[in-house]
Amino acid sequence: MGLAAKSEPQIAGGFVNESFTQGHLLRDRAAFAAANRVEKIPIVIVGGGIAGLSAAWRLHKSGFRDFVLLEMCDQAGGNSRWGENEITRYPWAAHYVPVPGRKAIYVRELFEDLGVLKDGKWDERYLCFTPQERLFLYGRWQEGIEPAIGLTRSDRDEFRRLEEQIGAFRATSRFTVPMEVGFSQESANLDRISFADWLSEHRMNSRVLRWYLNYCCRDDYGATLDQTSAWAGIQYFASREPEEKGPLTWPEGNGWIVQRLMERIGSFVRTGRMVHRIVQSGSGLKVYAGDAEYHADFVIYAAPTFLAPYLVEGMMPLKTFEYSPWLTANLTLDRLPKNYGSDPTWDSVFMDSPTLGYVDATHQTLRTHVDRTVWTFYWALAEGPASQNRRMLLSGNWGYWKDAILHDLERVHPDIRQCVSRMDLMRMGHAMARPSVGAVTSPERRSLAKLHGNLLFANSDLSGFSIFEEAQYRGVVAAEHALARVSGSKRG
Amino acid sequence: MGILLFITVLLIAACGLIYELVAGTLASYLLGDSVLQFSTIIGCYLFAMGIGSALSRYIDRGLAYRFVWIELLLGVVGGFSSALLFLAFAYSQGFQFLMYALVIVIGVLVGLEIPLLMRIIRDRYHFRDVVAHVLTFDYLGALGASLLFPILLVPHLGLVRSAMLFGILNAGVALWSTWIFANQLARTAVLRGFCLVVLAALCTGLVEAKRITQAAEDNIYADEIIFARDTHYQHIVLTRFKDDIRLFLNSHLQFSSRDEYRYHEALIHPGLSAIAAPRRVLVLGGGDGLAVREILKYPQVESVTLVDLDPEMTRLFTTNPMLTGLNHQSFLSPKVHVINADAFPWVESNTDSFDFIVIDFPDPTNYSLGKLYTTAFYKAVARHLSEQGLMVVQSTSPMFARDSYWCIAETIKQAGMLINPYHVYVPSFGEWGFVLAGHHEYRTPTSLPPGLRFVNVKDMPALFQFPPDMAPMSMPPNRLNDQVLVHLYDQDWKDISH
């Protein structure tokens, strides 16, 4: 007939940063090559995510130089890793930090060190530019993610009542970032029920309100309303009182902070070194990684805590640590969709989608004109048991997940397939700790979170959830603990 | 035979409804307020149909003959209605009058159709069957038309051609009726001849429809378009009427050659003349070279750096003889260096210092342009100012966008500079505002380059006086993370154009 088949442009890409294969070596107790050299060093930091890098930053800032940081991957940063192409830098996971409140003293100190906070003022170039967020609902876009159009009187009433409740919790000063500062018996009580049950108890059943709260929990915790404890749900809202319109963000997300930290402490960081064994030995510890055996006085264990029983000899298996699997994608767009729908916005969310929407990496550009961009697409596989979702995440091939993501985007941008030239995917089986009912108050977690002995746990999962400020806090506090005890002569 | 008759009913009902929908849609497009337009048009149309039905009783003889003529008339009036209305909107003041006149004429004709048709065929069938069938097909036709119109016709054919297409159907019905009612007609050959003429006219209209809409759209710019180009960044249009050349970027007027000297003299001289020995000047925006023309009136200026995003724009104003006549070939001066770059990143990465900086960007109509009006931007620009340097900012109208103007002034102040707001009357723009800023106290100059037509030493202090209707307002600064200016600007202009 002379008709050509309707073809769509080829989209390149694949899976990147696959680290679970290394994790599975530990899980399956694979045999590792024996060490052939010994390095004596007072402090070893295990894990180069924000917690580990922050511990290193603190040691270095105090003038202490006798330490080493061992990172399994080839790139430091953990959940704050980033990538770069000819258009822009872009994040692989964590992409912002809310403007820190007065209680987050270490985060403020860091940002002063990095020049983000000067004389009490936040540098405008690092605050998220207007317009910040938008939500697609009822076939159109609104500014902001909290639904504001199509609300009934009772929806509004429930939003207002929730706001009042949150205001009251905020006034108690028990919901803080970092969480340890304000955690109390009242918090512990709230940790015994799910956020969904707490909402029902308070007669908050509005579909729109629950969609919004569920979105918040999926976004921050990778968990649904009923998988999140009431304490964590309230903590999300009551812990923050920003003094400035934020959040802080950069094209490469928190990767910007990683780069600034690496400029300071990069020479102490050894990437591509997977620690596979930690053993108590006399008053110290032996850490095995690659061809070396490190003899340390203190180990700051900043890697995900669930891995510890596979590494630390004699450690009991953990029961209460749960993690959410995440899929993130970076999409290279050769042009914006025809019906983009508003001025270029940082974060775009779709109502009633299982995904979390996308963030535009070129939003923080100072240019007025942008032709091509990169979108980072987020998908927390929250609904249902985590282990089942992890299997699903690993069983789908690249084409499967690519189509699933495009399918979700097509609802909002029908010509998205004509815009995207590349899509890289990152699968993380244990991306974020999940603050499920009872998680934060579990004795197991409380005990690991307490710094004692010479093995100091510092990952953000000890706070029950994975956010930048918690990781940074635990890293800094662990470093201070070690600094105070390591023999004085070794202070540079 | 029966079914053909009833299909005729279906078609004429569809045609009638389509003309009504075309009128309603056109009026909504062109005049706005779709509720008002559709309500009044439907009301007039139905009322006119009533008049038509009432008039039908005065037609005694020659029913079939008159029916054919009514169909032909409907074909012509309805078929060309949309094209006529488009042209009337572009070229005359009488759009609304013509629209309601057309709606009433069409309504009367449609109102005549069904009563006549029922009388023509009443002898062939039982009366109750006639009523039932005619009305059933009438309503079916209306349903079909009302579905076709939004789904197929408007998206694929457009309003002009949809009306033409249904005019053709009306004329087709007329032609076909000369056979159906042949036994009740005399001189059918003549009638068929008329039908063919009308059909030919409508078919021509259908083919040429694009030219009609084009002619209407051309007229939306008041003057003759002498240049139009879509560059990578914007839509550039130049118009000319006698000796007045106007530049539009994305449909926003940038200058009129008749009074631009007021704007550009006021932009440059109050600042530049106040600097003791200006050597290096920076212009951000200003790709028309008119500000540079004024700067080159100072022989002591050694270099002018102009940063404009759009290379097509600066090339046009470097090479087009008519335009270089306006800017006195300012871009060809050896002192001038044109850089095509996005201003904010350029300002961030460049380290040169300048004695005078001119910031002449399009108004902050969106968040992308709004970045060029933030504390962060002005701080970055201020780093390029020499010790005695001054900068001047095009700041929209303190009269029409008073909130926006004072918001820009506040933003520059919060970026750490002393501000001196002033304004000037430019006939093609209205009252227009600027802000001079620097690190030192400013005093109006006591001498100016020769040959200026507007700015003069005696009247200059008056430019810095604001009458009560433009007086300072307390406004928040515009910041990258909180762009209040774009909202204010939007609101200001909405308020005066409602």
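This is a predicted model: local features need pLDDT of at least 70, side-chain atom pairs count only at pLDDT 80 or more; totals for chains, interfaces and linings use all residues.
Reader: How do helix H1 and helix H5 of chain B cross, and at what angle?
Author: The axes of H1(B) (residues 2-31) and H5(B) (residues 127-180) come within 6 Å and cross at roughly 145°. Axes are lines fitted to C-alpha atoms over the stretch in contact, with angles from 0 to 180 degrees between N-to-C directions. Helices are DSSP runs (H or I, at least four residues), numbered from the N terminus.

Reader: Which residues have the most contacts inside the largest nonpolar core?
Author: Val134(B) and Phe181(B), in a core of 71 residues. A core joins buried (under 20% relative accessible area, 1.4 Å probe, protein chains only) Ala, Val, Leu, Ile, Met, Phe, Trp, Tyr and Cys residues through side-chain atoms within 4.5 Å.

Reader: Which helix gives the largest share of this core?
Author: H5(B), with 17 residues.

Reader: What does Val134(B) contact, leaving aside neighbours within four places in sequence?
Author: Its contacts (heavy atoms within 4.5 Å) include Phe6(B), Val9(B) and Ile114(B).

Reader: New topic. Which helix gives the largest share of the lining of the largest cavity?
Author: H4(B), with four residues. Tyr19(B), Ser81(B) and Met99(B) are among the lining residues. A cavity is a set of points on a 1 Å grid over the protein atoms alone where a 1.4 Å probe fits but cannot get out; lining residues have an atom within 4 Å of a point.

Conventions:
Residues are numbered from 1 along each chain as its sequence is written. Chains are lettered from A and ligands numbered from 1 in the order in which they are written. Side-chain values use heavy atoms; hydrogens and water are left out. Helices (H or I, at least four residues) and strands (E, at least two) are DSSP runs, numbered from the N terminus. Buried means under 20% relative accessible area, exposed over 50%, partly exposed in between (1.4 Å probe, protein chains only). On a 1 Å grid over the protein atoms alone, a cavity is a set of points where a 1.4 Å probe fits but cannot get out, and a pocket is an open set with protein on both sides within 12 Å along at least five of seven lines; lining residues have an atom within 4 Å of a point.
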